[in-house]
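Here are some questions and answers on one structure. Look at the sequence and the model before reading on.

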Number of protein chains: 4
Amino acid sequence: MAPTVTVWNEFVHEREDDAVADLYPDGIHGTIADALADRGFETATATLQEPEHGLTEAVLAETDVLVWWSHIAQDEVEDAVAERVADAVRSGMGLIVLHSAVLSKVFRSLLGTTGTLKWREADERERLWVTEPTHPIADGIDECIELEPTEMYGEPFDVPTPDSVVFTSWFEGGEVFRSGCCWQRGRGKIFFFRPGHETHPIYHDDEIQQVLANAAEWATTPGERELPTLENVEPREKIGDDD
Amino acid sequence: MAPTVTVWNEFVHEREDDAVADLYPDGIHGTIADALADRGFETATATLQEPEHGLTEAVLAETDVLVWWSHIAQDEVEDAVAERVADAVRSGMGLIVLHSAVLSKVFRSLLGTTGTLKWREADERERLWVTEPTHPIADGIDECIELEPTEMYGEPFDVPTPDSVVFTSWFEGGEVFRSGCCWQRGRGKIFFFRPGHETHPIYHDDEIQQVLANAAEWATTPGERELPTLENVEPREKIGDDD
Amino acid sequence: MAPTVTVWNEFVHEREDDAVADLYPDGIHGTIADALADRGFETATATLQEPEHGLTEAVLAETDVLVWWSHIAQDEVEDAVAERVADAVRSGMGLIVLHSAVLSKVFRSLLGTTGTLKWREADERERLWVTEPTHPIADGIDECIELEPTEMYGEPFDVPTPDSVVFTSWFEGGEVFRSGCCWQRGRGKIFFFRPGHETHPIYHDDEIQQVLANAAEWATTPGERELPTLENVEPREKIGDDD
Amino acid sequence: MAPTVTVWNEFVHEREDDAVADLYPDGIHGTIADALADRGFETATATLQEPEHGLTEAVLAETDVLVWWSHIAQDEVEDAVAERVADAVRSGMGLIVLHSAVLSKVFRSLLGTTGTLKWREADERERLWVTEPTHPIADGIDECIELEPTEMYGEPFDVPTPDSVVFTSWFEGGEVFRSGCCWQRGRGKIFFFRPGHETHPIYHDDEIQQVLANAAEWATTPGERELPTLENVEPREKIGDDD
């Protein structure tokens with residue numbers, strides 16, 4: 001059975017800025033969900049404006065992988081919902097964190113760092129080099145993905161050393177960035193993918209959609225969803241007799 | 001100049017349980033602070049009962065490495081103080097997390113996982129094998145440290161894969177555990193060290209004290225204390241002319 | 001299509017020692033190949049005694065994953081064949097290294113370390129604890145695998161820090177060991193699995209066979225087999241005009 | 001006592017090419033050794049042309065850290081000497097591998113991979129961004145080092161995932177590269193540092209010299225030099241009585 005991906009979006013820019021609405025008439029979430037549905041996933045969407053931001057326990061329980069886009073409304077996400085999502089990841093739900101969502105409550109809670117970085121909006125060229133060619137998230141991608149125009153993110157990127165750095169970006173203005181990074185938290189897998197400013201049509205790009213589909217496949221953890229717990233156990237061996 | 005180590009203790013067992021008070025008449029914090037002072041560190045102590053748990057901004061600013069012991073009062077630590085401590089670590093303060101403090105707010109906030117594990121109180125023998133012999137935290141320690149009696153901690157230990165596993169424990173009752181683990185968060189270094197139940201005289205042990213001193217040295221990050229921040233930057237190269 | 005697994009064995013003990021021959025009448029390679037065939041893999045075998053040890057370029061080209069067992073005849077493996085195998089791994093062939101093959105030329109060439117360890121033959125109990133529960137190699141395995149009797153391997157184990165430590169062993173005699181370790185070299189994946197002394201019926205054990213099958217699945221790298229090479233490339237950007 | 005650094009150079013370009021000789025009249029080794037001596041290290045040099053390439057057991061035994069530069073004469077290094085050097089690293093000698101020495105026998109033997117990469121000679125600008133700001137090798141270095149002109153190295157770089165990536169390079173022509181990488185092999189530490197083509201005055205650069213000094217300090221492993229060995233051990237616990 002295909003994994004179920006829920007695409008979450010704060011959905012603010014698209015409703016307030018015509019240029020963004022023109023690029024993403026159904027919201028960034030709509031574009032990504034369609035792209036993943038086309039590639040064989042079960043999909044759903046949820047947004048900030050819905051009750052509990054559309055991320056009830058029931059929704060999370062049905063979700064194999066959550067895609068998360070947020071930018072100017074990070075603080076409007078309720079703490080309780082952010083922790084519910086983080087706990088779902090710790091229990092085995094996959095998480096794909098996009099672009100400015102490095103500053104989201106969920107990502108910070110799971111990574112333990114600030115997620116801060118350098119940035120610049122100068123409509124420059126970016127080249128995402130594949131730095132781990134056999135990683136499943138790079139499957140079908142050539143040696144690099146070229147994007148233009150993009151917002152720039154630069155190092156240092158305040159995250160724990162990733163388990164894998166699948167993509168490293170080159171920017172026209174002179175910087176580099178770890179743009180595709182993997183971590184594990186509890187039973188759940190996390191992929192951060194840098195591209196995606198709301199004023200650029202990046203999520204309509206076929207290679208970007210391919211990476212998202214690869215990442216959704218990779219981030220799916222089979223088996224029951226289970227938050228690790230303390231467990232008091234009996235000894236396996238006799239204690240105390242041969243001292 | 002010697003690093004300044006502040007030893008923090010919830011300081012509950014010692015005041016409520018005569019057996020613990022007999023083992024640690026000045027509190028676990030007192031014993032550890034004395035051991036570190038004997039080994040050349042500047043030391044201070046702080047406890048849960050003090051205003052702001054003794055962990056004001058001023059105290060943290062003077063602290064190179066914080067040692068943290070907590071067990072039954074994890075929930076009584078104020079969220080604001082826990083986040084202040086975690087931010088100090090992200091800014092470059094070292095942190096040594098002892099024993100049951102795997103379940104502390106500070107450790108969970110920095111690691112992003114539950115810190116849960118298997119456990120058993122059966123007064124059994126433990127052997128901490130050095131699994132990274134050239135790590136500075138193992139300096140001067142033989143191939144293993146033997147302790148008895150100890151509380152058991154067993155795998156799976158719900159933490160992100162450590163950067164280094166300096167010690168791996170064998171338990172008489174049949175389990176293993178990653179008992180000495182290193183992580184980095186932001187500019188700060190974290191060392192978790194398993195030994196230390198309040199009913200055992202473990203912090204009086206010379207080898208244990210040596211490991212704590214090694215860890216305090218290792219966890220000291222020189223240079224200014226700085227929380228990583230977002231930074232908007234100018235391009236280093238001309239953008240847009242050779243497309 | 002099912003991956004093709006070639007099981008290589010030095011095949012010396014079984015021909016010289018009746019006790020071993022009784023345990024493994026078709027050789028250790030025969031037992032393992034049968035177990036993998038039962039689990040759906042295409043299988044082949046090869047041994048030291050064959051021309052080029054049965055590991056011609058043609059055989060390696062057809063092999064998705066090579067299982068390697070060696071013990072007393074490590075030095076009899078021709079250097080050229082060992083390097084051919086190591087190059088096949090660098091090109092994308094998976095490798096499963098069993099037990100005493102930590103001292104094989106192939107493993108040492110790929111890891112860059114001595115592979116040395118502590119050891120003891122005392123017919124003791126071993127418990128392999130799953131220390132990375134969501135790793136695909138642990139799929140279907142309970143919290144630990146118990147084996148008895150086994151040969152003991154103890155730390156320090158002279159290998160580069162593994163990418164994953166799927167199993168950590170407890171031994172009755174008091175030691176611990178990283179018994180299931182993953183590394184990547186070039187395009188190829190490597191899994192070391194500790195159990196397996198020739199005088200114990202360990203490869204007949206169902207859980208051990210399950211781990212081997214999981215590992216063979218995990219170690220299969222899809223796509224063309226390609227040894228990374230130097231490549232002289234043209235610039236993507238104009239050089240030298242905007243200095 | 002200051003660590004002793006031996007700087008090894010194949011010393012071919014400087015003797016055959018006037019332009020290189022003008023840049024490095026005492027050889028690349030001479031320039032680097034002088035820079036390290038100025039920064040307080042004991043230094044020595046050795047070259048390909050000396051008996052045993054100047055790397056006798058006696059020389060290696062006195063060397064805390066070996067700096068290695070090689071390019072067109074990689075194959076002229078005797079296998080036995082290359083393995084002697086690699087064994088010294090496994091025993092605890094530090095190793096700093098420069099530029100094209102990624103293809104040296106020593107580096108390949110220790111890493112287990114081909115060390116291959118993309119490259120281009122186009123006299124372009126390079127910017128080495130510090131991607132691990134608190135690493136001791138980056139001490140005193142600003143957010144990046146800018147070099148011009150340089151030879152380009154591009155990803156994928158065929159090495160095992162480094163323990164630390166201290167520097168990541170941006171190149172004017174459009175590529176990125178992991179230019180400062182750390183690994184451990186046995187008791188020894190390895191640092192690869194990318195800058196350094198023989199036709200560029202890069203080793204005269206003050207920041208480059210500072211990185212080399214930081215790396216020499218970091219790569220020094222205190223304690224006796226010891227190659228890990230197999231060890232047959234007695235049990236710590238009684239075996240077989242409580243089954």
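Arg84(C) counts as buried, at 19% relative accessibility, where buried means under 20% relative accessible area, exposed over 50% and partly exposed in between (1.4 Å probe, protein chains only). This is a predicted model, in which local features need pLDDT of at least 70, side-chain atom pairs count only at pLDDT 80 or more, and totals for chains, interfaces and linings use all residues. Residues are numbered from 1 along each chain as its sequence is written, chains are lettered from A and ligands numbered from 1 in the order in which they are written, and side-chain values use heavy atoms, with hydrogens and water left out.

Q: With which residue does Arg84(C) form a salt bridge?
A: A salt bridge is a side-chain nitrogen of Lys or Arg within 4 Å of a carboxyl oxygen of Asp or Glu. Here the closest N and O atoms are 2.7 Å apart, and the partner is Glu52(C).

Q: How many residues apart are Glu52(C) and Arg84(C)?
A: Glu52(C) sits in the loop between strand E2 (42–47) and helix H4 (57–62) of chain C. Arg84(C) sits in helix H5 (residues 79–91) of chain C. Helices (H or I, at least four residues) and strands (E, at least two) are DSSP runs, numbered from the N terminus. The pair links distant parts of the chain, and the separation is 32 residues.

Q: Is Glu52(C) buried or partly exposed?
A: Its relative accessible area is 37%.

Q: How many salt bridges does the rule find across the interface of chain A and chain B?
A: Over all chains, the rule counts 64 salt bridges. The contact (heavy atoms within 4.5 Å) takes 45 residues from chain A and 45 residues from chain B. Across this interface the number of salt bridges is 0.

Q: Which element gives the most residues to the side of chain A that touches chain B?
A: The elements that give two or more residues include helix H6 (105–111), strand E6 (144–154) and strand E8 (176–185) of chain A. The element that gives the most, with 7 residues, is E5(A).
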